[in-house]
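Please look over the model shown here before reading the report.

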Amino acid sequence: MANVLLAGQDFQFLDMLQAEIEGQGHTVLWASTGLEAYEIALAQSPDMVFLEAAIPVFSGFEACEMIRQDPEIPKELPILIVSGGDIDTRRVELVGADGIFHKIHTDDEVREVLAAYLAEKAGRA
């Protein structure tokens, strides 16, 4: 079982994603701002992070940069930027995110992304 941090303010989307993640046997941590996401990443050492691109008190991009620059947080922590529309993939790469996760998705896509980034954790669960 892994701890997955969800950061954002689209609570309808986040509730759905939480149910999908918990359905795969993982635990969900919550943050509603970029600053809170950074603080939780530092204090609680999640195994994966989903950051909405547009959140207050540091955007998802800024929070990702802060996480990546902190020497206390493992560099291999998977971070996905969440978006409901088009997103600048170059910016995603520049801040050190591992990829993009779209708000419109299937259950299979959730399973696939969790399996891809949490394979080691899933094997120990």
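## Basis of the description

This is a predicted model, in which local features need pLDDT of at least 70 and side-chain atom pairs count only at pLDDT 80 or more, whereas totals for chains, interfaces and linings use all residues. Residues are numbered from 1 along each chain as its sequence is written, and side-chain values use heavy atoms, with hydrogens and water left out.

## Overall fold

The protein chain has 5 helices and 5 strands, where helices (H or I, at least four residues) and strands (E, at least two) are DSSP runs numbered from the N terminus. Read from the N terminus on, these elements follow the order β-α-β-α-β-α-β-α-β-α. The radius of gyration, taken over C-alpha atoms, is 13 Å, close to the 14 Å that the globule rule gives for 125 residues, so the chain is as compact as a globular protein of that length; the rule itself is 2.2 Å times the number of residues to the power 0.38. The C-alpha trace spans about 30 × 30 × 25 Å along its principal axes.

With contact meaning heavy atoms within 4.5 Å, 60% of the contacts between residues at least 6 apart in sequence join residues that are at least 24 apart.

## Surface, burial and charge

Of the 125 residues in the protein chain, 46% are buried; buried means under 20% relative accessible area, exposed over 50%, and partly exposed in between (1.4 Å probe, protein chains only). The accessible surface comes to about 6500 Å², and 50% of it belongs to carbon and sulfur atoms; these areas come from the Shrake-Rupley method with a 1.4 Å probe, and for residues only the protein chains shown count as cover.

The protein chain carries 8 positive and 22 negative side chains, with the centres of the two sets 5 Å apart. In this count Lys and Arg are positive and Asp and Glu negative, while His and the chain ends are not counted; each charge is placed at NZ of Lys, CZ of Arg, CG of Asp or CD of Glu.

## Nonpolar cores

In soluble globular proteins, nonpolar side chains tend to be buried together. A nonpolar core is here a set of buried Ala, Val, Leu, Ile, Met, Phe, Trp, Tyr and Cys residues joined through side-chain atoms within 4.5 Å. The largest such core has 24 residues, and those with the most contacts inside it are Leu 5, Leu 51, Phe 61, Cys 64, Ile 67, Ile 79 and Ile 81. At least two residues of this core are supplied by each of strand S1 (3–7), strand S2 (27–31), helix H2 (34–44), strand S3 (48–52), helix H3 (60–69) and strand S4 (79–83). Apart from this core lies another, of 17 residues, among them Phe 13, Ile 21, Val 28 and Val 82.

Leaving aside neighbours within four places in sequence, Phe 61 is in contact with Ala 53, Ile 81, Ile 87, Arg 91, Val 92 and Val 95.

Glu 20 is placed in helix H1 (residues 11–23) and is buried, with a relative accessible area of 14%. Not counting residues up to four places away in sequence, Glu 20 touches His 105, Asp 107 and Val 110. From Glu 20 to Ile 81 the C-alpha to C-alpha distance is 17 Å, at a separation of 61 residues in sequence.

Ile 40, in helix H2, counts as buried at 11% relative accessibility. With residues up to four places away again not counted, Ile 40 touches Leu 5, Leu 29, Trp 30, Ala 31, Ser 45 and Pro 46.

Ser 45, in the loop between H2 and S3, has a positive phi of about 45 degrees although it is not a glycine. Phe 58, in the loop between S3 and H3, is likewise not a glycine and has a positive phi of about 85 degrees; Phe 58 counts as partly exposed at 35% relative accessibility.

Gly 96 lies in the loop between helix H4 (89–94) and strand S5 (99–102) and counts as partly exposed at 26% relative accessibility. Leaving aside neighbours within four places in sequence, Gly 96 is in contact with Cys 64 and Arg 68. Gln 44, found in helix H2, is partly exposed at 45% relative accessibility.
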